[in-house]
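Here are some exercises to work through with the model open beside you. Try each task before you read its solution.

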Amino acid sequence: NAGVIQTPRHKVTGKGQEATLWCEPISGHSAVFWYRQTIVQGLEFLTYFRNQAPIDDSGMPKERFSAQMPNQSHSTLKIQSTQPQDSAVYLCASSLPGREQYFGPGTRLTVL
Amino acid sequence: GEQVEQRPPHLSVREGDSAVITCTYTDPNSYYFFWYKQEPGASLQLLMKVFSSTEINEGQGFTVLLNKKDKRLSLNLTAAHPGDSAAYFCAVSAYNQGKLIFGQGTKLSIKP
């Protein structure tokens with residue numbers, strides 16, 4: 001079991017550019033979560049899919065952020081027109097229904 | 001919404017001593033409780049899960065105590081060793097909610 005896979009591990013973008021982050025959940029896990037980690041805000045929930053359907057996006061900034069899960073083997077988090085305040089480690093996690101979440105290694109996004 | 005307060009933010013103990021980290025939460029509907037460990041530059045590693053029916057869980061070198069009356073969750077490392085140096089996060093989830101609400105984290109340092 002390879003665990004949750006996230007690519008890229010590091011991404012540097014210029015202000016105003018787009019960033020797409022990828023997550024491959026553990027095989028068989030039907031729930032996929034995205035979180036953001038910064039020194040100031042700590043770990044924040046962004047959004048959650050179950051069986052590929054969006055369930056809760058209450059943590060997603062209303063503008064520029066979107067997430068999709070086109071199939072059971074991957075999810076993407078897209079940030080349009082990146083801003084310096086978007087710099088963070090973006091973590092993806094997956095779980096079986098109602099069970100503990102397993103986290104990927106994260107993508108460190110740096111917006112210059 | 002749910003708020004989770006974690007204390008202390010920093011903790012330094014000598015090797016062989018015990019260390020206690022405590023989280024308090026506000027939502028009485030909180031149902032699932034977790035402790036995660038994060039080593040520098042690494043992702044979140046699940047240490048222990050505590051579900052509603054469990055009050056005390058023991059792992060390798062640590063004990064987790066849940067007091068639902070006081071809405072308090074604690075992690076007690078019984079005899080700290082250098083490998084325990086890391087950041088520790090508690091996380092709480094309501095029944096059928098999915099998303100985790102994290103505490104602010106505790107950076108634990110073990111002195112020789």
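**Exercise 1: Backbone features in the loops**

P8(A) sits in the loop between β1 (5-7) and β2 (10-13) of chain A, strands being DSSP runs of E with at least two residues, numbered from the N terminus. The model is predicted, so local features need pLDDT of at least 70 and side-chain atom pairs count only at pLDDT 80 or more, while totals for chains, interfaces and linings use all residues. Residues are numbered from 1 along each chain as its sequence is written, chains are lettered from A and ligands numbered from 1 in the order in which they are written, and side-chain values use heavy atoms, with hydrogens and water left out.

Task: Find which residue is joined to P8(A) by a cis peptide bond, then look at P8(B).

Solution: 
- Step 1. The partner is T7(A), and omega of this cis bond is about -10 degrees.
- Step 2. In chain B, the bond from R7(B) to P8(B) is cis, with omega near -5 degrees.
- Step 3. P8(B) lies in the loop between β1 (4-7) and β2 (10-14) of chain B.
- Step 4. While you are in the loops, visit N51(A), between β5 and β6 (53-56) of chain A. Its phi is near 50 degrees, a positive value in a residue other than glycine.

**Exercise 2: Where the chains meet**

Solution: 
- Step 1. Count the contacts (heavy atoms within 4.5 Å): 17 residues of chain A touch 15 residues of chain B.
- Step 2. Take the buried area, which is the accessible area (1.4 Å probe) lost on putting two parts together, summed over both. It is about 1,400 Å², with 55% from carbon and sulfur atoms.
- Step 3. On the chain A side, L43(A), E100(A) and F103(A) lose the most area, together 35% of what that side buries.
- Step 4. Look for salt bridges (a side-chain nitrogen of Lys or Arg within 4 Å of a carboxyl oxygen of Asp or Glu). There are two across the interface.
- Step 5. Sort the chain A side by class: nine residues are nonpolar, five polar and three charged. Here Ala, Val, Leu, Ile, Met, Phe, Trp, Tyr, Cys and Pro count as nonpolar, Asp, Glu, Lys and Arg as charged, and the others, Gly among them, as polar.

Key. Helices (H or I, at least four residues) and strands (E, at least two) are DSSP runs, numbered from the N terminus.
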